[in-house]
Structures are given as structure tokens and as C-alpha cells.
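The entries follow in the order of the look-up.

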Amino acid sequence: MRLQPKIIILIAGFFISMSGATAQVSTNGSGVITTAASFLTISPESRAGAMGDAGVATAPDINSQNWNAAKYAFIESGSGFSLSYTPWLRKLANDMNLAYLSGYAKLDKQQILSGSLRYFSLGQVTFRNENGESQGIQNPNEFAIDFGYTRLLSDNFSGSVVFRYIRSDLGTVSWGTQSLRPGNAFAADISFYYQKKLNSTAGKKVISAGVNVSNLGSKISYESGVNYLLPANLRLGIAYSTELDPANKLTFALDANKLLVPSQKNDTLQGGGVVIGGSSSDKSVLGGALSSFTDVGLKEELQEITIGVGCEYLYDKQFALRTGYFYENQNNGNRKYFTVGAGLKLNAFSLDFAYLVPTQQNNPLENTLRFTLSFDLGQFRKAIEN
């Protein structure tokens, strides 16, 4: 099939993933690790998106489902929901985006239910055959539906499990005797969160830490008999918050992130650096996750870790300024970018923005403004009662 230039650029990575469980473009013997359903790794909301994608250990908010659902155990309000919108490759087209709907509700002081919907649209695409003849217009898209349960395990510690259904529809394509079809998969997240208030005469201080193992589940199939790995992922983080005075608060956060997916260093490379088959595609989900720590040397394993650091200034719990930096080793993608953003809260409503500035290479999110609109139902009920 021949596609319009737009779709060639947009979903090349997805079709590379369909050539094998993972794919790489090797530079110094290591390479970029890609997976099927990679839309699950995109930061969907604006608060952490403005803090260098650091969010596993920051203070809980309505969008904690994406980063660490265990944080819901320490959220003050009883319920809330939010809607986020992220333009995608805005320089190239105006009909691609990532939408994210998230919400939670407390059952009691110890138990919380949560849910989210993530929808990634690649816009309208005209598929053409090798003769340039139109084969119709399609709307490739992917989505994931989550349901989570969080429980407070002690005064300072909580845990959560999230179950996820994933559907990846990259369009219906046929070539020869083969055809491309939508893929379906199931996965789960397991996360923990620790929060400790420190005694200080200089104002309230809180230190927190979090861990989230996400997207552990079945493989996904786009064609008969061929299965591909999901982006199983380990995220560790720590955060520190301090009140400068009753009206001013600072938060610093650090996240370390590693895909629990085998390296493709020893796989067979075809033209253009694309992996076709190879040893990594034969491994089970659990086997691939465990081997992802030891399948290359220590130096190269450390190069697969990405780092996100962020800072948030909060004034009177109503106005926020945020900034951050994201780092990825040059041998494994070389994504490096600064982020900035702001937030405003008016009673039960909050509006957050994020903006990304790449420093090494083009980024699908550069020169676009992401936003998140949140609604605190608990605060709204209090306002009505008052």
C-alpha cells in the first residue's frame, strides 16, 4: 500500500513495531526501543507535562491515574474529574491529538475507585495502492480504558492496581495474502506511594516517593500469528515540598523511567535498521521484563533510563508556575527538552497549561499548547453547602 506523505511520517514508528515485537535504529550498538501501542507512553496531562514529565511522586491530583494511582489515597477532596487535550504534530496536520479523561471517587477514608479514557487520533488518512489509486479514507486511532482501585495501607503508605483494556486500530490494509487488522490487549499497573510530613518550625514540609510498574499484560496482534510487546514500564520518583510561608509553596520532583522491554541489540537488522523477528520478539511478557535489566551491558542498561526533573511554585493554592527538563541518552532516542507551564484554580475549577521546548531534535509536541481542565466535585459540594 502507498500512503500519503502525512501518514508515512506519522505512523512509521507504529508500522516498524508491527515488523517485530520491537524495533531499533542502531547507532553505537544499542538503539531506540519501540513497542506496539506506544501512545501509552505519551504524557497526557499538563501539570506533569510542564514539570519534565515527572509525576510519580508529586502531590496527588485528579490525574494521578496516569502516573501513580496510589496517590489518590492522600487526595483531600472526595471526588473529581478532568479533561486534557494534547495536539500532536501540529506543524504537519491539525486533526491529530491525544485526549485524556480521568476521574476518581472515594468510597471511604481508605478506599478509592478511579478510571480514565485515553484516545489518540491520527486524523483522516487516504490510503493508496502502488499505482497511486485511492483505496478510501480511514481514521486510524488507538484508545485505552482504565479502572483502578486504591487503598490506604498505613498512615503514610498506599497501594493501587489498575486494569487496562487497549485497542489499537491503525487502519485496514491488505498486501498480497496478508492484512492488517485492529489489535486488542489487556494490561495492569501496580503502584505504591509513600508520603511523610516533616516536623519543622519553618513551615510545612513533605517528602514523598512513588513507584509504578505499568502496562504489564498480554501481547497485541495486528496480523494472524504475530504478537507484539506492549510498552511495559518501570517508573521511580521522589518529591520534596516546602512552604516558604502560608501562601507560598515550592515542590521539586525527580523521576527515573525504564522500559521493561528487551533490548534489540542482538536482533537481526534489515534495511533501514528495522528489526524483523529476532530473539526479543520470542520472549514472554514476564521474561522480557526481567531480561530487560540484563540483556546488554551495565553501561548500556543505564543509557536506557530517562530522567525527568521538575519544579512547581504554588501561590495561595490558586496560582502555579512550573518548569522542568527531560533527558534521554543520545544512543536511545536523544529526546531532550525543557518544559514550562502554569495553572489557575478558581473554586472548584482548575485550568493548567504546558509548553515544550526541544533542545536536541524535533518533537511532536513542540510549539503546541497542551491544557487540562479539572473539576473538583468535593469542593463544588462544599461551596453549595456554604
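I listed the residues lining the largest cavity: Asn215, Gly217, Ser218, Leu229, Leu230, Ala232, Leu260, Val261, Val285 and Ala289. Strand 12 and helix 4 (285-291) are the elements that give two or more residues to this lining. I took a cavity as a set of points, on a 1 Å grid over the protein atoms alone, where a 1.4 Å probe fits but cannot get out, with lining residues having an atom within 4 Å of a point. Helices (H or I, at least four residues) and strands (E, at least two) are DSSP runs numbered from the N terminus.

The model is predicted: local features need pLDDT of at least 70 and side-chain atom pairs pLDDT 80 or more, while totals for chains, interfaces and linings use all residues. Residues are numbered from 1 along each chain as its sequence is written, and side-chain values use heavy atoms, without hydrogens and water.

I noted about 70 Å³ of space in the largest cavity, a volume being the space filled by probe spheres set on points joined across faces, edges and corners. Two cavities reach 30 Å³ or more.

I then turned to the strands, where pairing requires at least two DSSP bridges. Strand 15 (residues 233-245) runs antiparallel to strand 12 (residues 205-217), with ten bridges. Twelve bridges join strand 15 to strand 16 (residues 248-259), also antiparallel, and a hairpin links strand 15 to strand 16 through two residues.

Conventions. On a 1 Å grid over the protein atoms alone, a cavity is a set of points where a 1.4 Å probe fits but cannot get out, and a pocket is an open set with protein on both sides within 12 Å along at least five of seven lines; lining residues have an atom within 4 Å of a point.
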